[in-house]
Amino acid sequence: MNSFSITQLARFSGVKAHTIRMWEQRYHTLQPNRTEGNTRFYNNDQLKRLLNIVTLADVDYKVSELSKMPDKRLFKLVEELQNKAGDAHYEYFIPQLINAAINYDELAFEKTFSHCLLRFGFKDTYLLIIYPLLVRIGLLWSSDTIPPAHEHFISNLITQKLFTAIDSLPVPDPKSESWLLFLPEQEFHEIGLLFASYLIRRSGIKVIYLGSNLPLESLKMVLENTSPENLLLFFVHRDLPEDTREYLKHLGKLFKRKKIFVAGHKKFTEQLGEINKVQYLNSIEDLEKQLVHKT
């Protein structure tokens, strides 16, 4: 994809469209192309330029100065910053990871992600950098304005990192209580579920991880064979609230043990209302409070 609207630039960069237009008018930061119908659009190089300017502006460079620099100079400054990124604020890393996604640049992703781990550790890398990154490029809920290939590329890289982090944790005591984690049918974005698995495993609690798009019949069989104490599922795409309520009520009849924890956007879970056995988790902190009680 080599054509972006100003709305897409704003989504990728985290800079409001109004601000981008102001930079164009005041500093000639970008030079948009125009269609035959006189609609402005931006190419890949202009998006990369904006992301580099945002990166550098987050570490005290002035936009007015950066706007005068050629792309090669901007890239060199970003490269120099990466080499001393231990001093960089976490906001610095987000545009660079988006840049790696846009250019399908795994090496750049690896380099930036490694800096994040060294500076912030795995948990804060996810909370401060990866989660905002996912929100910004539209992975946490569907958006037709984001090229699917970019989503697949970056989500697969992040998924690999999550599996590696989980594999590095000690094996929990088999006698500990267990949490069964899954996504219902038609739910495929499992990055949040994987991070929850990491946090639960890190707390020394056993996890039975079933992944995405799990039919109820398959879940019923697993429940009969494993008898977990707790269920945790995510709703990423928003179904009709009444359909979701029926699903959770049916799930409550299948699961006779303790709690069913449901993670999802707060506005959506508020629409669901109170359901027997169901407790909503609207943040990482909500999950961690549950884990503290159990360890």
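**Reading exposure, charge and contacts**

Modeller: With a relative accessibility of 42%, Glu-242 counts as partly exposed. Please keep in mind that this is a predicted model.

Colleague: Which residues form the negative surface patch?

Modeller: The patch is made up of Asp-239, Glu-242, Asp-243 and Glu-246. Residues in a patch have over 30% relative accessible area and no salt bridge.

Colleague: Is Asn-225 buried or exposed?

Modeller: Asn-225 is exposed, its relative accessible area being 62%. Its place is in helix 10, residues 216-226. The C-alpha atom of Asn-225 is separated by 38 Å from that of Ile-129, and the two residues are 96 apart along the chain.

Colleague: Let us turn to contacts between charges. How many salt bridges does the structure hold?

Modeller: It holds 5 salt bridges. The general idea is a side-chain nitrogen of Lys or Arg within 4 Å of a carboxyl oxygen of Asp or Glu. One of them joins the side chains of Lys-48 and Asp-45, at 3.6 Å from N to O.

Colleague: Where do Lys-48 and Asp-45 lie?

Modeller: Both are in helix 3, residues 44-57, and they stand 3 residues apart, about one turn of the helix. Lys-48 is partly exposed at 25% relative accessible area, and Asp-45 is partly exposed at 47%.

Colleague: Which residue forms a salt bridge with Arg-49?

Modeller: The partner is Asp-71, and the closest N and O atoms of the pair are 2.7 Å apart. Arg-49 lies in helix 3 and Asp-71 in helix 5 (residues 71-83), so this pair ties together parts that are 22 residues apart in sequence. Arg-49 is buried, with 12% relative accessible area, whereas Asp-71 is partly exposed, with 39%.

Colleague: With which residue does the side chain of Lys-123 meet in a salt bridge?

Modeller: Lys-123 meets Glu-288, at 2.6 Å from N to O. This pair links distant parts of the chain, as Lys-123 is in helix 7 (residues 106-136) and Glu-288 in helix 13 (residues 284-294), 165 residues apart. Lys-123 is partly exposed, with a relative accessible area of 21%.

Technical notes. Residues numbered from 1 in each chain as written. Predicted model: local features only at pLDDT ≥ 70, side-chain atom pairs only at ≥ 80, totals over all residues. Heavy atoms only, no water. Helix = DSSP H or I, 4+ residues; strand = E, 2+ residues; numbered from the N terminus. Buried < 20%, exposed > 50% of the residue type's maximum accessible area, 1.4 Å probe, protein only. Patch = residues over 30% accessible without salt bridge, like charges linked within 9 Å, V, L, I, M, F, W, Y side chains within 5 Å. Areas by Shrake-Rupley, 256 points an atom, 1.4 Å probe, with all protein chains shown as cover. Lys, Arg positive; Asp, Glu negative; His and termini not counted. Charge placed at Lys NZ, Arg CZ, Asp CG, Glu CD.
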